[in-house]
Structures are given as C-alpha cells and as structure tokens.
Amino acid sequence: MSTAQSNEVILSGIRPTGRLHYGNYFGAIWHFLRLQQTDACCYYFIADYHALTTITDRQEIYRATLDMLRTYVACGLDPEKSVIYRQSDLPCTAELTLLLGMVTNIGHLERGTTYKDKLAKVQDDPKIAGNPLSYGLLGYPVLMAADILIVRADAVPVGDDQRQHLEMACDIAAKFNHRFGEVLHIPRPLGRDALRLPGLDGSEKMGKSENNTLDLLDDPQTVLRKIKAVPTTTDPLPLDTDSDAPEVVIPKMPPGVGVLYRLLSLLAPEDVYLEFLGQYRAGGKFYGALKKTVAEHVSNFNAPIIEKYHDPANNDTSIEDFLRENAKRVTPVALETVEACREAMGIGRSLYRA
Ligand code: TRP
C-alpha cells in the first residue's frame, strides 16, 4: 500500500462487530500497527454511533466496543502511541454531521452502494437487523465524513468496501469549502487491499455476516475444526505460472485451497510455504498435512493475542481509563474544526465552549 508521509494525520474507524477475525487483522489492524511505528499521528476509533444503524441491543453495543478495544490492545495497538478512542466520546462529531448535512445532496446519498444494497436486502427480508429506511442509515456517509474531517486527516486507510464512502466525504468537504471558504482539509485514501482475505468457505471475502471467519481469539480446537472444514478438492488446478508470489497463487487454485495457502504465506516461514507449494505443483495428496500445518501456525499466531486479551491488566476499567485520556487528546482538534465550520457558516463560535 502507499505509505504515510512524515507527520501525517492518519484516521481510521472500525464498527464494533464483536470478535475480530483474520480479515479484519490483515485488512486493517496489520496496517494500523505498521503506521503506529512511523511518526504519523494515528487516530483509530470504534464507530459505535455507526453501529447504531444495525445493532439494536444496548448491552451488545457497549460490550462489543469494549471487547474490540481489548482485542486491539492484545494485537499490539498502543493507546499511548496511537490515539484510540470511541466515536461517541467525541459528541461534537454529531454537530459536524449536522453542519455537513447542509451541503449534502440526498440523491448523492441514495446512490451510495452500501445504502442501495441494504435497501435491496430489506426488500428480500423485512426482518433484517436495523431500520434501513432510517435517516441515520441514509446519513451514514455524512457521519463518516465528519469522523474524517473533524481531525483534519491527511490519509485514511480504507478497504474497497469503504472507498466510495471516503469519496463522498471528500465531495462533501469540497462542496463545503466551495460554499463557505477553505475550512476543511481534504484527505486522500491509503489503499489496503493487497491482503484482503477470502472466507474459510472459499468465498471471496471473510466476513462476520458471511459466517466464514477465522477469529483472533479462536482456541486451538476451534482453529483445527474450522481449518479441517475448509473445502478442498483432491484435484489441484494447474498453476499456470512459476511465480511463488501468494497473490498470483490464489486465483489459480480451488478457492478453499487458495485460503489455506494464503494463510500459510502470511503465517509460516517461507521455506514451509514453498515446500507445500512444491507439493501442490507435484499434485500429491497432502491436504491433511497442509491443514494440520496451517492450523498450528494459526494457533501459534493466536496464542499471545489470547493471552494478552485475558491479561487482568487489560480489563474494562483500564480500557475506560485510556478512552477517557484519549478523548481528551482528540477533543481540542475536533472542537477547533467544528468551531471553524460554525464561523464559516455564519452561526459563530459556541459561547459555552472554552
Ligand atoms: N464505515 C466504516 C466501516 O464500516 C467504519 C468507519 C466509520 C470509518 N467512520 C470511519 C472508516 C472513518 C474510516 C474512516 O468499516
């Protein structure tokens, strides 16, 4: 992916969906960890306002948010290096959403692919979670624009599925600036798609709603059970290239086998990966051994994350503590942006804020 430049402001958010899976890790967290090592200023938040569009159980939102944060920390995200916060701890985001709404065209929102997909799903199944006809769901991209613009992000790491939302955020900002003056800073995308993982069922994408995930907190028995269930055929498709690059291997293999090799290429030492690749080329019967090896590497990868997740120091209280501290770090920047927008639009600074 393209990399951050010195002192850039990076921002990304993830909705609290409960347990984090390998798709989340290699699609997002892995990049967050890398960016955390640079001198970029990183803001990562849990999008609990956004979750309100689909989660209706109030206990679940709170729990899922804290569990995600515990997993973040267990993966190595450091709340002292990166500013890790909860979206709703920055309520001025809601005010900015309201202001941006004034320059947002309804037709633009209605053409959003995520919105259209949701709408189509509901027409098929009216009992689906959340209220798809809500103002909140239609306005999802405006809230996301506010998240990004409020911290004056330079770059936003997004997967393919969020790219259109980011473009909408840039359009909204450009429109605001055109009408009210150069107030908002327009960000650029940081691509992160190279490592998109297929699902364990061999389908294109690993996702919670597809129910095909390998989770970071899966214990060794669960890992083994899930890996054993990955569909493999006994007839390898011929590899029509000599390249050993994993990106090239995936499309040439039956989908389930492709997932196993992708996991192996990410987790195992290169010689192990190349040895299995050699076996694939030779067309032997080796899927049992391959699955066992993949499962071992996955369990080894999970072990320290599970341990840190359950570390008594990584508890709800310590999470709440760093959330409070980090909300304080991000609030001044955010308020400055909101106040600048208010002034530009003519309602002036708030009398109640310091
Ligand atoms: N919509 C994103 C998702 O579903 C989460 C998100 C909310 C986000 N606000 C954001 C991502 C701002 C990047 C920047 O994954």
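## Second largest pocket

Helix α4 (92-101) supplies four residues to the lining of the second largest pocket, the largest share. Helices (H or I, at least four residues) and strands (E, at least two) are DSSP runs, numbered from the N terminus. The model is predicted: local features need pLDDT of at least 70 and side-chain atom pairs pLDDT 80 or more, whereas totals for chains, interfaces and linings use all residues. Residues are numbered from 1 along each chain as its sequence is written, and side-chain values use heavy atoms, with hydrogens and water left out.

The second largest pocket holds about 510 Å³ of space. T97, Y135, G136, G139 and Y140 are the closest to its centre among the 23 lining residues. Elements giving two or more residues to this lining are α2 (48-51), α4, α5 (106-110), α7 (135-138) and α8. By class, the lining has eleven nonpolar, twelve polar and no charged residues (Ala, Val, Leu, Ile, Met, Phe, Trp, Tyr, Cys and Pro count as nonpolar, Asp, Glu, Lys and Arg as charged, and the others, Gly among them, as polar). On a 1 Å grid over the protein atoms alone, a pocket is an open set of points with protein on both sides within 12 Å along at least five of seven lines, a cavity is a set where a 1.4 Å probe fits but cannot get out, and lining residues have an atom within 4 Å of a point.

## Largest cavity

One cavity of 30 Å³ or more is counted, a volume being the space filled by probe spheres set on grid points joined across faces, edges and corners. F45, Y85, Q87, L90, T93, D147 and I150 form the lining of the largest cavity.

## Ligand site

Of the 13 residues around the ligand (a heavy atom within 4 Å), R15, H50, Y140, D147 and Q162 come nearest. Helix α8 gives four residues, the largest share of this shell. In polar contacts (N or O atoms within 3.5 Å), a nitrogen atom of the ligand is 2.7 Å from a side-chain N or O atom of Y140, and a ligand nitrogen lies 2.8 Å from such an atom of D147.

## Salt bridges

The structure holds 15 salt bridges (a side-chain nitrogen of Lys or Arg within 4 Å of a carboxyl oxygen of Asp or Glu). One of them pairs D218 with R19, with the closest N and O atoms 3.5 Å apart. Because D218 lies in the loop between β5 (188-191) and α10 (220-228) and R19 in the loop between β1 and α1 (22-36), the pair ties together parts that are 199 residues apart in sequence.

Technical notes. A polar contact is a pair of N or O atoms within 3.5 Å; within protein, one must be able to donate a hydrogen and the other to accept it, and residues adjacent in sequence count only if both atoms are side-chain atoms.
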